[in-house]
Each structure stands twice: as structure tokens, then as C-alpha cells.
Amino acid sequence: MALTSLPELPAPVDAEHLAALVADLLASGQEAPPLALIREPAELVRLSRDCHDYSPLLTPLLANCRAQLAVRATSLEQVRCVAGACARRGVPLTLRGAGTGNYGQCVPLQGGVVLDLSGLQQLRAIDPDSGVITAEAGCQLAALDRQLAPHGRSLRLAPSTYRTATLGGFIAGGAGGIGSLRWGFLRDTGNLLGLEVVTVEPEPRVLQLDVAASAPLNHAYGTNGIITALRLPTCERVAWQELVVGFDHWPDAMTALQDLPATALLLDALALLEAPVAQRMPWSGGCPAPAASEHRLLLLAAPDSLEVLPTWLAARGGSVRWQQSQGQGQSQGQRPSRGLPLRELCWNHTTLHWRSHHPDWTYLQLQLPDPATPLIDALRRRWGDGLLWHLEAVRQGGAVRLAGLPLLRFQGPEALRELIQHCRDLGALVFDPHEISVEDGGLGGIDPAQVAAKQRHDPGGLLNPGKLRGWLER
Ligand SMILES: Cc1cc2nc3c(=O)[nH]c(=O)nc-3n(C[C@H](O)[C@H](O)[C@H](O)COP(=O)(O)OP(=O)(O)OC[C@H]3O[C@@H](n4cnc5c(N)ncnc54)[C@H](O)[C@@H]3O)c2cc1C
């Protein structure tokens, strides 16, 4: 289904309701440190947006969606105050981390309050034996990772927006990214161990959810509970090496992409950019610009793999153009990278860089069938140079698969719809970034457990209205 209009929702609350809510929030300053209330129109516009502008369908649709008030919380007690006041006054409440989502996830469709949770920044605990952490939802991912470094631990998974995104926003709105080659996706069993959640009720409860009870909040766009802290596994820290490899022939590059994960080399990320895409990337200082016909493979590889990779790649038609430490190995005397880290050339950063040159292009997110080549070839034949390939190797259900984030010249909604159907007909799973609901953008269908969690934690249906189709259709 392709989106043409927003779901029907009640009108935003009137000025009287809003004034009563503000009075409640100001009064709450007697119980908790005063809340930062934001009412300046420009700030409300900024806090009502995310990175959905990659979609030429979502951009006009969400253009007029605005919060009526924004609130910045820095403590659990403040979150409870906001949740209670919104529940008592019947005001919609949309949660926000860093606002880097691509699906309009934190754009308020029905006005109301936007609650910025990026001020909840404590790493509360790290278990020295298991490495399991409990961290607050507003922790910025790179800062959190730096705190884990002295313990020899790292986050398992990170979006390419690792330097800006929050932990709560990643779990509620993200899917995977760097690390998905080893650890799969966020919703895979074992990647989330527990959540602390505040309910949206007149007297909000603070719940500690176990693994099973946390699962329905994972990738629910903040529609079914306010996450204030998360329990996550971590992994052993590795001084990842960034490698850029050039290939003259696409089939050779595809073979390397598909065969590398079957070796015993430790890799954290593996992406392939078709030559025209590689041409447009802002390569790091010291990395030569690619030749016009050069496809590029990007790798994050463990240091010990460097003894093997150059020869292995050369035997398959690849040549290492550039290599540098990601920066984590500085204490071992390795040079930190200059310029953009390699992680910011892959996943949706590739789309970002391409669109900075070609704003009339958009993209798709696909999981490709195995084997992937027939689909890639068929789409090339049908869509010509209006579709360019960016592939990421990932682990899906225990097997290595390819995720595709192809770049598309936008030729109107009908052509986009036709292309999406073509991808599905060829066996791809489409995580449609031109849709706003949890179900249509990623999960594929209604998950009754997500709807039941909303009933338990947000019985008035105030959290991020319009984004959980299962709630609207119940
Ligand atoms: C250039 C670029 C590259 C990207 N690369 C990746 C990638 O590699 N992998 C990936 O998965 N995504 C990627 N994304 C999407 C996005 O950056 C990530 O999903 C990111 O983790 C979102 O974090 P955030 O703090 O910005 O969340 P936000 O955008 O602020 O929020 C995302 C969703 O979570 C909800 N939410 C936020 N905080 C909470 C909370 N505490 N409790 C409950 N709900 C909450 C919001 O309501 C919203 O629905 C990319 C985006 C861009 C622009």
C-alpha cells in the first residue's frame, strides 16, 4: 500500500486544554526539578521534524504537522510528570531522541506535546562479568560507547548516525546497521534484554520489563510506552580497521561481497557501492578518489584479518585502495582515521551523501532474496540508470543475506509504486521508507503484541497517534 493521506485523527487540543496542561507542568516543578517548556514557533518546528525528507511522498504529507508544546526532560521524575499531565488532560504525546529517523517516526501527526528525552544520559550499570549494561534512553550512542571502552566492551549494533542518535530512539525507531553482519537486527532474540518504561496514565507507573515484555516496544516508534532505560548485551571491543577496496567489474565485487562472510575473518561491516555512487562519496583524507568505472567495497575488519585480506581480495579482482584504523586502536599505536569515519559512508549515510548532489533522488530499503543477482539484474534491465545499487551484507535469521538500499531517480508516486511492487514480485522484502506506520514501514503486518502493550502502557492512545495501524484498526 502506498501512502497518499494521513490517517484520520481527532483535531489537536484547543488553547484552553493546552493552557491547563502548561499550568500542570509548571506546578510539577514543586515535586521535580523545573521542566524546560519550549513554545517558540521555530523551535517547535525543529522539534517536530526528523530526517524523512529523503522521501518525496512523506515530505509534503508531514509538512504541516507541528507540536503545540515541546518539553525537555532530564530525569525519570520529570518524564512521569509529563506523562501524568498529558494523560489527565488528554493531550497527545510524541517522544523524541535525536530526531534522525527516516520514516517521520517522531513527527507529531496530531499536535500536542513533543517530549525530548535526550537529556536522560546516565550509564547506570555495567556488569563486569557479562558486560550487560543498563543505560538511560537519551544516551547518545558514541558517547555511551566511549564509556564502555575502559571496560573493553562495545555496543553490538549501531546505526550510521552513531555520533548523533540516542539509545532509546535506536531501539524504538531503528533496525540495525554497523554490526548487523555479526549480530543481525535489533529485533533478533538476544539484542534487547529489558526496558524501564513509564506508562501514560493519570498516575504513571514505572515498570521494569523483562525480555519477553520488552519485545513489543522494540521498533514500535514510541507508540506503546515511554522507554526511560534499557538493558542490553555488549560485545568485546575490537580495534576495527577501515578498508576501501576497488573493483573494475561488478560481478567480481558481488562475489567478494557474498564470499567474505563465509571466511573466518572477523568483520563488523561490509558494503558495496556501485561506481556512480562511489564517485559521489566524500572519501576520507588520503583515500584516492575512485575511477569513473570503479565499484567500491567498504569493510570494517579486525586487525588480524589484514594479514589475509589484500591477497584474498586480489585473487578476486579487488585492490585495497585505502586502509586506516577506525580510531579505537589509538592506544595500540594505530593511526586514527581522518575525515569521515567509514561508518558514515554506508547504510543511510550513503543515501545522505548521494542526495546532497542529487536532491531529486530517493531510495528504498530491501532485504534481497538469496541468490540476489537475478533480482539485481532484473531491476537494472527495467529501471536502467535511474536505479543505482548500494548493498550491505547482514545476518538474517542466522544466515548471511544482502540488504539493499538502492538509490532511485524519483519519477513520481506511480513509478515508485510500480518499482516497489516489482521488487516484491522478484522476492524482496520491502521496508518501505515512504510510509509512516510501524506496520507499513517495516514489520509488514500488525503485531498484536504491540497493540496489547499499547493497551497496557497507554490506554488513552495518546502516544505518537496515527503511527500504530494495529491500534487504529483494532
Ligand atoms: C544519515 C542517516 C543514516 C541512518 N542510518 C541508520 C542505520 O544505519 N540503521 C538504522 O537502524 N537507522 C538508521 N537511520 C535512522 C536513525 O538514525 C536511527 O534509527 C536512529 O537510531 C534513531 O535514533 P534517534 O535518537 O534519532 O531517534 P528519533 O528519530 O528521535 O526517534 C525514533 C523513534 O523512536 C521514538 N523514540 C525516541 N525515543 C524514545 C524513547 N525513549 N522511548 C520510546 N520511543 C522513543 C520516537 O518517537 C520515534 O518514533 C539513519 C538515519 C539517517 C538520517
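A few ground rules come before the tour. The model is predicted, with residues numbered from 1 along each chain as its sequence is written, and local features need pLDDT of at least 70, side-chain atom pairs count only at pLDDT 80 or more, while totals for chains, interfaces and linings use all residues. Side-chain values use heavy atoms, leaving out hydrogens and water.

The chain splits into domain 1 (15-116), domain 2 (123-236 + 447-472) and domain 3 (241-430), with bounds that come from an automatic or database domain assignment. Taken over C-alpha atoms, the centres of domain 1 and domain 3 sit 37 Å apart. There is contact between them (heavy atoms within 4.5 Å): 7 residues of domain 1 touch 11 residues of domain 3.

Next come the sheets. Helices (H or I, at least four residues) and strands (E, at least two) are DSSP runs, numbered from the N terminus, and two strands pair if DSSP finds at least two bridges between them. Strand β1 is antiparallel to β2 (residues 69-72), with 3 bridges between them, and Leu37 has Val71 in β2 as its bridge partner. Two helices lie across this sheet's strands.

Another open sheet has 3 strands, ordered β16-β21-β18, with antiparallel pairing. Its edges are β16 (361-363) and β18 (387-388); each has a single partner strand, so one side of each is left without a neighbour in the sheet. Between β16 and β21 (residues 407-409) there are 3 bridges, and Tyr363 stands opposite Leu407 in β21. Packed on this sheet is helix α12 (residues 348-357), which touches β16, β18 and β21 and points at about 170° to the direction of β16.

Two backbone spots deserve a look. Asp370 and Pro371 are joined by a cis peptide bond, with omega about 0°, and Pro371 is in the loop between β17 (366-367) and α13 (373-383). His219 is not a glycine, yet has a positive phi of about 65°; His219 belongs to the loop between α8 (211-214) and β10 (226-232).

A cavity is a set of points, on a 1 Å grid over the protein atoms alone, where a 1.4 Å probe fits but cannot get out, and lining residues have an atom within 4 Å of a point. Of the 14 residues lining the largest cavity, Asp145, Ser154, Leu155, Asp268 and Arg343 are the closest to its centre. Domain 2 and domain 3 each supply at least three residues of this lining.

Conventions: 1 Å grid on protein atoms, 1.4 Å probe; cavity = no way out; pocket = protein on both sides within 12 Å on 5 of 7 lines; lining within 4 Å. Axes fitted to C-alpha atoms, helices over the stretch in contact; angles between N-to-C directions.
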